[in-house]
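Have a look first, then read on.

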Protein chains: 2
Amino acid sequence: MDKQISQAVIRRLPRYYRYLGELLDDGVERISSNDLSKRMHVTASQIRQDLNNFGGFGQQGYGYNVAYLHDEIGNILGVNETHNVIVIGAGNLGQAIAGYVKFERVGFKIIGLFDVNPELKGKLVRDIPVQMLDELPEFIKHNDVEIAALTLPKSNARSTALKLVSLGVHAIWNFAHVDLDDIPDVIIENVHLSDSLMQLSYNITQQK
Amino acid sequence: MDKQISQAVIRRLPRYYRYLGELLDDGVERISSNDLSKRMHVTASQIRQDLNNFGGFGQQGYGYNVAYLHDEIGNILGVNETHNVIVIGAGNLGQAIAGYVKFERVGFKIIGLFDVNPELKGKLVRDIPVQMLDELPEFIKHNDVEIAALTLPKSNARSTALKLVSLGVHAIWNFAHVDLDDIPDVIIENVHLSDSLMQLSYNITQQK
């Protein structure tokens, strides 16, 4: 796919991917933009505009080929290949993420779980044993680690991120409540839970 | 504050709130837009434009009054009042959220934790015992519950959300991988972890 797709469309793709996946699971082969519009609560014209970026949906009136679109969007999102993920911080959140089987179905395979707390050493989360952080360099040397999820306290997040980059890991899924976006040579995706909760309380306050 | 503030500014407020809170913790009383700009990696003119919405930062050259701004933004975000939160789904993710002390510091108090698994009944997360979901109506009757975090499987998310609304809870922090935004009379804030991971893999794929 050579065409440039706008960032606004890109941000909507995971949602299309999810709905198309559900349709596939339900055995639906084709769907019209109107039917997809009803399901997704987005206007049919928005859907047509967005999905026009991918072509290949047959003539007007025939609807979209669900499997084809799902696959095309999956290619764009890079979820049709496997991405090896390690989780740094084996507290509740780290264990929740390491234990989340569904990520594997969209190509993200958790292959390691690290912490500094010796009491957690060897604890199994699914079949993944918690390793100590000082074992990380050796682990990265022998495994193809693409993404590191940081589920550790804010105070250790930056130094850990810098260490990861120096070890060759260039994509960080950051749950620590600190910005790391200024670190060079790394792609950061933030999940700032407190910020999300504040958006919610803003909306509550506005309604009052 | 009567003035209408744009949605784009609103979305940036939690980040300002976080940085201003850190400055307060560091004992900083005033800060110039240039210094704040260096810290936040945002242009000084963006900061001036955004914070102009709040006035009250003294004359040019004197910088912003950190405590005042922090408080004003806190008021807008509604985090200067307490919001009672319950968590539905006491798996790893639910326990991580219920155990997150920091939410309380920004006004969100976790007062209840619910699940359907009888093995979890009475388990303490911090000082919060896991209760069974059938105890929820009684609990809501006797407690002022404002927000429910849904950390349960997708298959139960919609029915639980509808139940919550019927019991008088009108704000949902949704971690289930399903859209609930079409449910009437409820404010939804989504944290879709898989979508976030797909954004990350999109950016990785683009860089390759």
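Predicted model: local features only at pLDDT ≥ 70, side-chain atom pairs only at ≥ 80, totals over all residues.

Residues are numbered from 1 along each chain as its sequence is written, chains are lettered from A and ligands numbered from 1 in the order in which they are written, and side-chain values use heavy atoms, leaving out hydrogens and water.

**Domains and sheet**

Chain A splits into domain 1 (7-77) and domain 2 (83-196), with bounds that come from an automatic or database domain assignment. Their C-alpha centres sit 32 Å apart.

Chain A also has an open sheet of 7 strands, in the order S5-S6-S4-S3-S7-S8-S9, with mixed pairing. Strands here are DSSP runs of E with at least two residues, helices are runs of H or I with at least four, and both are numbered from the N terminus; two strands pair if DSSP finds at least two bridges between them. At the edges are S5 (124-125) and S9 (187-190) of chain A, each pairing on one side only. S3 (residues 83-88) and S4 (residues 108-115) of chain A run parallel over 6 bridges, and Asn84(A) has Lys109(A) as its bridge partner in S4(A).

Helix H8 (residues 154-166) of chain A lies across S3, S7 (147-150) and S8 (171-174) of chain A, at about 170° to S7(A). That angle is taken between N-to-C directions, on a scale from 0 to 180 degrees, using lines fitted to C-alpha atoms.

**Aromatic rings**

Over all chains, the whole structure holds 8 aromatic pairs. Rings of Phe, Tyr and Trp (its six-membered ring) pair if their centres lie within 6.5 Å; planes under 30 degrees apart are stacked, over 60 edge-to-face, and the rest tilted.

| Pair | Centre distance | Plane angle |
|---|---|---|
| Phe103(B) and Trp173(B) | 5.6 Å | 75° |
| Trp173(B) and Phe175(B) | 4.8 Å | 70° |

Phe103(B), in helix H6 (residues 102-105), and Trp173(B), in strand S8 (residues 171-174), are 70 residues apart in chain B. Both are buried (under 20% relative accessible area with a 1.4 Å probe, protein chains only; exposed is over 50%, partly exposed in between). Phe175(B) is buried too. In chain A, ring pairs link Tyr100(A), Phe103(A), Trp173(A) and Phe175(A) into a cluster.

**Helix H9 of chain B**

H9(B) (residues 193-207) reaches 22 Å from its first C-alpha to its last, close to the 21 Å expected for 15 residues, the expected span being 1.5 Å times one less than the number of residues. Since 11 of those 15 residues are buried, H9(B) is largely enclosed by the rest of the structure. Among the buried ones are Leu193(B), Met198(B), Tyr202(B) and Ile204(B).

Key: Contact = heavy atoms within 4.5 Å.
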